[in-house]
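Please look over the sequence and the model below before reading on. The notes that follow go from the whole chain to single residues.

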Amino acid sequence: MNAFHYQNRELCVEDIPLARIAEQYGTPCYVYAESALTQAYSAYSNAFAGMPHLVCYALKANSNLSVIRHFASLGAGFDTVSIGEIERVLAAGGDPGKVIFSGVGKSIDEMRFALETGIGCFNVESAAELDRLNDVATQLGKRAPIAFRVNPDVNPNTHPYISTGLRGNKFGVAFTEALDLYRKAARMPAIEISGIDCHIGSQLLDPAPMAEAAGKILGLVDQLAREGIHLDHIDLGGGLGIRYRDEEPPTPTDYLKPLLECFEGRSEALCFEPGRSLVGNAGVLLTRVE
């Protein structure tokens with residue numbers, strides 16, 4: 001049953017009338033259904049059953065501490081892009097070892113904080129960022145776990161403003177440059193190569209581009225392995241679309257099916273960022289009560 005539904009002509013969240021919430025807390029008031037969050041997370045986690053995986057919730061979707069706390073209780077990882085987002089994960093009881101630090105323009109202070117916190121992995125976006133991170137880790141006497149965000153040059157068939165995986169997009173390192181950057185990272189004393197990352201866009205309704213990107217990334221992973229550079233995880237991002245108007249998004253199982261076929265027989269753990277769909281239909285904004 002939909003978490004938001006009518007009972008006796010009253011709109012309710014689960015079994016609580018929204019009018020009662022508005023009366024107690026006032027408006028405007030954001031209301032989220034815990035059961036909807038659980039259902040959305042479980043749809044992805046269950047689709048990965050039988051293989052090592054981590055479903056990472058991106059705080060850019062909603063950084064409400066209660067939402068973060070609930071996903072942490074379900075075992076989720078977290079995709080973050082700033083000190084503030086990492087601090088919110090920690091404040092909500094999230095495991096720092098399940099935190100991925102993505103995003104362009106990471107500052108030295110942010111790198112230092114993340115290393116001292118013991119996050120799971122840095123998603124490195126450029127050669128300059130790699131050099132800076134190596135310097136910071138060296139100063140702290142630590143090794144920084146990294147994955148390069150690789151731009152696979154795949155058309156995600158979404159709105160051009162939220163496309164992130166084409167060669168002309170500003171994110172990540174070029175696919176043709178990735179191999180040399182991994183070779184460079186492997187020679188750095190304060191860098192520990194952990195994985196590889198790509199993100200092709202948001203509001204994705206067709207699973208084919210994600211499978212195409214995965215195929216290209218896996219080809220690069222195998223090339224790295226032949227050179228003795230072995231990865232423990234592959235981080236794939238690209239948010240499954242939600243219904244804004246008349247879209248018909250696939251279920252997580254249908255969306256992930258061609259992607260999972262690419263991973264049959266592989267040992268690497270799969271990290272996946274579903275994007276907006278984890279919270280897209282889990283909340284409402286109360287602005288007025290009649």
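Helices (H or I, at least four residues) and strands (E, at least two) are DSSP runs, numbered from the N terminus. With that convention, Arg9 is found in the loop between strand S1 (4–7) and strand S2 (10–13). The model is a predicted one, in which local features need pLDDT of at least 70 and side-chain atom pairs count only at pLDDT 80 or more, while totals for chains, interfaces and linings use all residues. Residues are numbered from 1 along each chain as its sequence is written, and side-chain values use heavy atoms, with hydrogens and water left out.

**The chain as a whole**

- The protein chain has nine helices and 14 strands, and its radius of gyration (taken over C-alpha atoms) is 20 Å, close to the 19 Å that the globule rule (2.2 Å times the number of residues to the power 0.38) gives for 290 residues, so the chain is as compact as a globular protein of that length.
- Along its principal axes, the C-alpha trace of the protein chain spans about 65 × 40 × 35 Å.
- Of the 290 residues of the protein chain, 49% count as buried, where buried means under 20% relative accessible area, exposed means over 50%, and partly exposed is in between (1.4 Å probe, protein chains only).
- Taking a contact as heavy atoms within 4.5 Å, residues 24 or more positions apart account for 64% of the contacts in the protein chain with a separation of 6 or more.
- The protein chain exposes about 13,800 Å², of which carbon and sulfur atoms supply 48%; accessible areas come from the Shrake-Rupley method with a 1.4 Å probe, and for residues only the protein chains shown count as cover.
- The mean positions of the 25 positive and 36 negative charges of the protein chain are 3 Å apart, with Lys and Arg counted as positive, Asp and Glu as negative, and His and the chain ends not counted; the place of a charge is taken as NZ of Lys, CZ of Arg, CG of Asp or CD of Glu.

**Cysteines**

- The structure holds zero disulfides, a disulfide being a pair of cysteine sulfur atoms within 2.5 Å.
- Cys29 is in no disulfide, and the nearest cysteine sulfur, that of Cys12, is 15 Å away; at 14% relative accessibility, Cys29 counts as buried.
- Cys198 is likewise in no disulfide, the nearest cysteine sulfur being that of Cys262, 11 Å away, and Cys198 is buried, with a relative accessible area of 0%.

**Backbone details in the loops**

- Arg9 has a phi near 65°, a positive value in a residue other than glycine, and Arg9 is exposed, with a relative accessible area of 83%.
- Glu14, found in the loop between S2 and strand S3 (16–17), has a positive phi of about 55° although it is not a glycine; Glu14 is partly exposed, with a relative accessible area of 30%.
- A cis peptide bond, with omega about 0°, joins Thr27 and Pro28, and Pro28 lies in the loop between helix H1 (18–25) and strand S4 (29–32).

**Buried helix residues**

- Glu129 is found in helix H6 (residues 127–140) and is buried, with a relative accessible area of 2%; not counting residues up to four places away in sequence, Glu129 touches Gly103, Lys106, Met111, Asn123 and Val124.
- Ala185, in helix H7 (residues 175–186), counts as buried at 0% relative accessibility, and with residues up to four places away in sequence left out, Ala185 touches Leu130, Ile146, Phe148, Ile191 and Ile193.
- Ala185 and Ala147 are 38 residues apart in sequence and 9.9 Å apart in space, C-alpha to C-alpha.

**Sequence separation and distance in space**

- Thr287 is placed in the segment after strand S14 (283–286) and counts as exposed at 55% relative accessibility; Thr287 and Thr27 are 260 residues apart in sequence and 5.4 Å apart in space, C-alpha to C-alpha.
- Ser107, in the loop between strand S7 (99–101) and helix H5 (108–117), counts as partly exposed at 31% relative accessibility; Ser107 and Ala19 are 88 residues apart in sequence and 45 Å apart in space, C-alpha to C-alpha.
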